[in-house]
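Grab a pencil and work through a few exercises on one fold. Try each task yourself before you read the solution.

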Amino acid sequence: MSDTTTIDPNAKKLIVFLDCGDTIIDEGTEIRDDHDIVIRANVIPGADIMVKTLAERGYIMAIVADGRAQSFKNILTQNGLYDYFTTMIYSETIKASKPSPRMFKAAIGALDLSEQDCSRIVMVGNNLSRDVKGANAMGITSIFLSWTPRYPKLHADESEIPDYTINHPLELIDLVEKLNEELG
């Protein structure tokens, strides 16, 4: 930041990266077209409220997800959530998938942050081997949403141990507020 930048006194220090499938959107409700693009899907109960509440409280949020850009545009728009995110990073456009650091670095760059900001970023996701492992490798606080039965809930090795585990999207609100307060 330059010296002329004005800092919003109400701005939150913590930045929230969110996966989409089985973190915001219930993958079990996805309907795909002939080109494997998701055309419709439902939110996980409470995930829409979680996204809207964090946005209303001033948190900057980014989608960091593996998949096709059009799928995410379809389902986030359909569920009224698309405009709550400052940036959206998809494996299709980055040409990498989590846990690749390229995914996280792309989101950091898109938000005009640097890798020195990793300590004030949280990554929330449903996949230990992608979301948690990738965040941990970057020094980003990892939050495992243990909601879905579709993915393993036990870490394969040390690199997949999350910093925090939540069982429901609404639990993220209080955790994010607590972590933001700890940043001072």
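This is a predicted model: local features need pLDDT of at least 70, side-chain atom pairs count only at pLDDT 80 or more; totals for chains, interfaces and linings use all residues.

Residues are numbered from 1 along each chain as its sequence is written, and side-chain values use heavy atoms, with hydrogens and water left out.

**Exercise 1. Work out the strand order of the sheet and find its edge strands.**

Step 1: Pick out the strands, which are DSSP runs of E, at least two residues long; helices are runs of H or I, at least four residues long, and both are numbered from the N terminus. Two strands pair if DSSP finds at least two bridges between them.

Step 2: You get an open sheet of 6 strands in the order 5-4-1-6-7-8, with parallel pairing.

Step 3: Look for strands that pair on one side only: these are strand 5 (87–90) and strand 8 (164–166). Going from one strand to the next, the twist averages 20°.

**Exercise 2. Follow the chain from strand 4 to strand 5, and say which residues face each other there.**

Step 1: Strand 4 (residues 60–65) runs parallel to strand 5, and 4 bridges join the two.

Step 2: Ala62 has Thr87 as its bridge partner in strand 5, while Ala65 stands opposite Tyr90.

Step 3: The chain passes through helix 2 (residues 69–78), making a right-handed β-α-β crossover; that is, with the strands pointing away from the viewer, the path from the first strand over the helix to the second runs clockwise.

Step 4: Check which way the side chains go. Thr87 and Ile89 point one way from strand 5, Met88 and Tyr90 the other way, and all are buried (under 20% relative accessible area; exposed is over 50%, partly exposed in between, using a 1.4 Å probe and protein chains only).

**Exercise 3. Find the buried side of helix 1 and what it packs against.**

Step 1: In helix 1 (residues 47–56), the buried residues are Ala47, Met50, Val51, Thr53 and Leu54.

Step 2: They sit on the same side of the helix because they cover an arc of only 170° around the axis, taken from the directions from the helix axis to the C-beta atoms. An α-helix has 3.6 residues a turn, so residues three or four places apart point the same way.

Step 3: These buried residues pack against strand 1, strand 4 and helix 6 (contact means heavy atoms within 4.5 Å). After helix 1 comes Gly58, with a positive phi near 95°.

**Exercise 4. Compare the surroundings of Glu177 and Glu92.**

Step 1: Glu177 belongs to helix 6 and is buried, at 18% relative accessible area. Glu92 is in helix 3 (residues 91–94) and is partly exposed, at 32%.

Step 2: Skip residues up to four places away in sequence, and Glu177 touches Lys12, Arg57 and Tyr59. With the neighbours within four places left aside, Glu92 contacts Gly67, Arg68, Ala69 and Gln70.

Step 3: Look for polar contacts (N or O atoms within 3.5 Å; within protein, one must be able to donate a hydrogen and the other to accept it, and residues adjacent in sequence count only if both atoms are side-chain atoms). The side chains of Glu177 and Tyr59 make one of 2.8 Å, and the Glu92 side chain reaches the backbone nitrogen of Ala69 at 2.7 Å.

Methods: Axes are lines fitted to C-alpha atoms, for helices over the stretch in contact, and angles run from 0 to 180 degrees between N-to-C directions.
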